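These are my notebook entries on a single chain. I set out what I looked up, entry by entry.

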Amino acid sequence: MSQSLGGLDRSFLAGDTVSAYHVMQVPTATANTVIPWQTTTAAIVGVTQEAVDSGSAVTVRLLGTTKCIAANSIVSGTILMPQTATGLVLTATTAQITAAARHIVGISLEAGDTNSVIEVLLQPTFIGNIT
């Protein structure tokens, strides 16, 4: 049973219609606004805590535990990354974790199937090409 123990939340303006428990990014052209995570060049801000229409205020969990929606079957204790263009989370493969640019959402605290809601320890991280 997924839960959310809270943490650090911040209110943003939704730059698009957003769903609950989806990974968000800040668009480069608009401050204090979030949109669903869409591209491997964007940094992860956090995870929405409710669904809202474009232009409305949305609460985004920046740190702590949160609910996320699984894009695939996920095992407890695995490193998660966002699925491009959906904002859902999926298991990061070894190749993705060791690639030049890595986007990590956090660690799954429970197992889940595709489209199930799971609890995640948020640790949003972008690690670029480190030489």
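Which residue in S3 is the bridge partner of Met-24? I looked up Met-24 in the model, which is predicted, and found that its partner in S3 is Pro-36.

Entry on the strands around S3. I then turned to the pairing to which this bridge belongs. Strand S2, residues 23–25, is joined to S3 by 2 bridges, and the two run antiparallel. I also looked up strand S1, which covers residues 6–14. S1 and S3 (residues 33–36) run parallel and are likewise joined by 2 bridges. For Ala-14, I noted Val-34 as the bridge partner in S3.

Entry on the order of elements. I counted 1 helix and 9 strands in the chain. Read from the N terminus, the order is β-β-β-β-β-β-β-α-β-β.

Entry on Gln-49. I located Gln-49 in the loop that links strand S4 (44–48) with strand S5 (57–69). Is Gln-49 buried or exposed? Its relative accessible area is 17%, so I recorded Gln-49 as buried, the cut-off for buried being under 20%. I next examined its side chain, which makes a polar contact with the side chain of Thr-66 at 2.8 Å.

Entry on the chain as a whole. The chain has 131 residues, and I noted 43% of them as buried.

Note on methods: Residues are numbered from 1 along each chain as its sequence is written. This is a predicted model: local features need pLDDT of at least 70, side-chain atom pairs count only at pLDDT 80 or more; totals for chains, interfaces and linings use all residues. Side-chain values use heavy atoms; hydrogens and water are left out. Two strands pair if DSSP finds at least two bridges between them. Helices (H or I, at least four residues) and strands (E, at least two) are DSSP runs, numbered from the N terminus. Buried means under 20% relative accessible area, exposed over 50%, partly exposed in between (1.4 Å probe, protein chains only). A polar contact is a pair of N or O atoms within 3.5 Å; within protein, one must be able to donate a hydrogen and the other to accept it, and residues adjacent in sequence count only if both atoms are side-chain atoms.
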